[in-house]
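Have a look at the structure first.

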Amino acid sequence: MSNPPKDTLCGIKAGTALPVIVAPMFLVSDKKLVLASCKEGLVGSFPAGALWTSAAFEQQLIDLNDGIDKLKAANPGATIGPYAVNITFKSTNKRVDADIDLCVKHKVPIILASHEATQEQIDKIHAYGGIVLHDAATIEQADKAVAAGADGIIAIGAGAGGQAGTMNPIALVSGIREFFDGPIILAGCLNTGHDILAAQSIGADMVVMGTRFIATAEANAEDAYKQMIVDARSSDIIYTSAISGAPGNFLRQSLENCGYDVEDLKKKGASAAKIPPPPGQESRAWKYAWSAGQGVSGVHDIPTVQELSDRLKTEYAAAKTDLAEKLNLTPPPKAPPPATYKIPKIGGPGI
Ligand SMILES: Cc1cc2nc3c(=O)[nH]c(=O)nc-3n(C[C@H](O)[C@H](O)[C@H](O)COP(=O)(O)O)c2cc1C
């Protein structure tokens, strides 16, 4: 069992008002959504690759560090969440080293790593005190990330928005818990405070929420995209690799608007070859072919981030009370645990 430093989880816990990372979402997660999330005590995040040049990426880091300082100054006593940057560690990402160097320079608090970060890369982030949460859609991917020194694992369950896997979240989280005692952050189809508690009860510590936050006032998405999420059902989510070359979940209505043969995409699923845009036309992936997870069935409105966060906090508190009643639990004792107390294997110390 691997044991990353205890203060990793405690550090994130102390810095957030709710155990939620607002997902890094290509094109959707701009500075406005990140800062609106941090303001509510959540972790705001964005993908480095969405900034087209290193200069633009560096400017975003400067702006965010400045923005967080201003939020703290303007809201004394409030919990302002940290921000996180998603980096793709694929060998095809030519900017990976430059992006890491900029994260080191500007001391980005949390790195959300995709596609096999190496120990050397993770060490660079640890050297300035940064935290690395590595995503994994399979137990094997999580195993590799833990071996490379990741502080936490983002377990991406079936049905998640973006490039998702196919694993049942319970099997995924419990499989990772067999060899990893550190923070597990569950992603995929989570919309409510009850969902956050459900994720924790199956062994996760925190959650990532993506699709739910696309349908917010601050998200950088067209109004029609937000409304499509509100109108869609889970059965409208098509799992296909034809759009970006890697399997991902997309809204049927947007695929039809782009002219894709949806029945054919459904049949081929993750084995479909990438369909390039017609000659002379730009790629439709993400910009016109809109991604969302199967959680769309539970998204019914387009609130502000503040309204949504307030709702999540109320629901989360109610969920804890409901569950305690359901399980006939007495309130936990106020006294500190005995010195012999061991962190349970399932669920970790909790947030
Ligand atoms: C439109 C969209 C774009 C995304 N882009 C990225 C990305 O650039 N990097 C990444 O690591 N994950 C990306 N994701 C996946 C999210 O980080 C997250 O895992 C997912 O949204 C969680 O599932 P949910 O949408 O069902 O809540 C994206 C998801 C969506 C919906």
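Of the 25 residues around the ligand, which come nearest? They are Ala160, Gly161, Gly162, Gly210 and Gly293. Keep in mind that this is a predicted model.

What kind of residues make up the shell around the ligand, by class? Here's the breakdown:

| Class in the ligand shell | Residues |
|---|---|
| Nonpolar | 14 residues |
| Polar | 10 residues |

Helix H7 runs over residues 169-177, and its buried residues are Pro169, Leu172, Val173, Gly175, Ile176 and Arg177. An α-helix has 3.6 residues a turn, so residues three or four places apart point the same way. As for what covers the buried residues of H7, the list includes helix H6 (139-147) along with strands E6 (152-156) and E7 (184-187).

Zooming out, the protein chain has 13 helices and 10 strands. Its C-alpha trace spans about 70 × 45 × 45 Å along the principal axes. The radius of gyration is 20 Å, which agrees with the value near 20 Å for a compact globule of 351 residues. Of those 351 residues, 46% are buried. Counting contacts in the protein chain with a separation of 6 or more, 68% come from residues 24 or more positions apart.

How values were computed:
Residues numbered from 1 in each chain as written. Predicted model: local features only at pLDDT ≥ 70, side-chain atom pairs only at ≥ 80, totals over all residues. Buried ≥ 20, exposed ≤ 12 C-beta atoms within 10 Å, placed from the backbone. Helix = DSSP H or I, 4+ residues; strand = E, 2+ residues; numbered from the N terminus. Contact = placed C-beta atoms within 7 Å. Near = placed C-beta within 6 Å. Nonpolar A, V, L, I, M, F, W, Y, C, P; charged D, E, K, R; others polar. Rg over C-alpha atoms; globule rule 2.2 N^0.38 Å.
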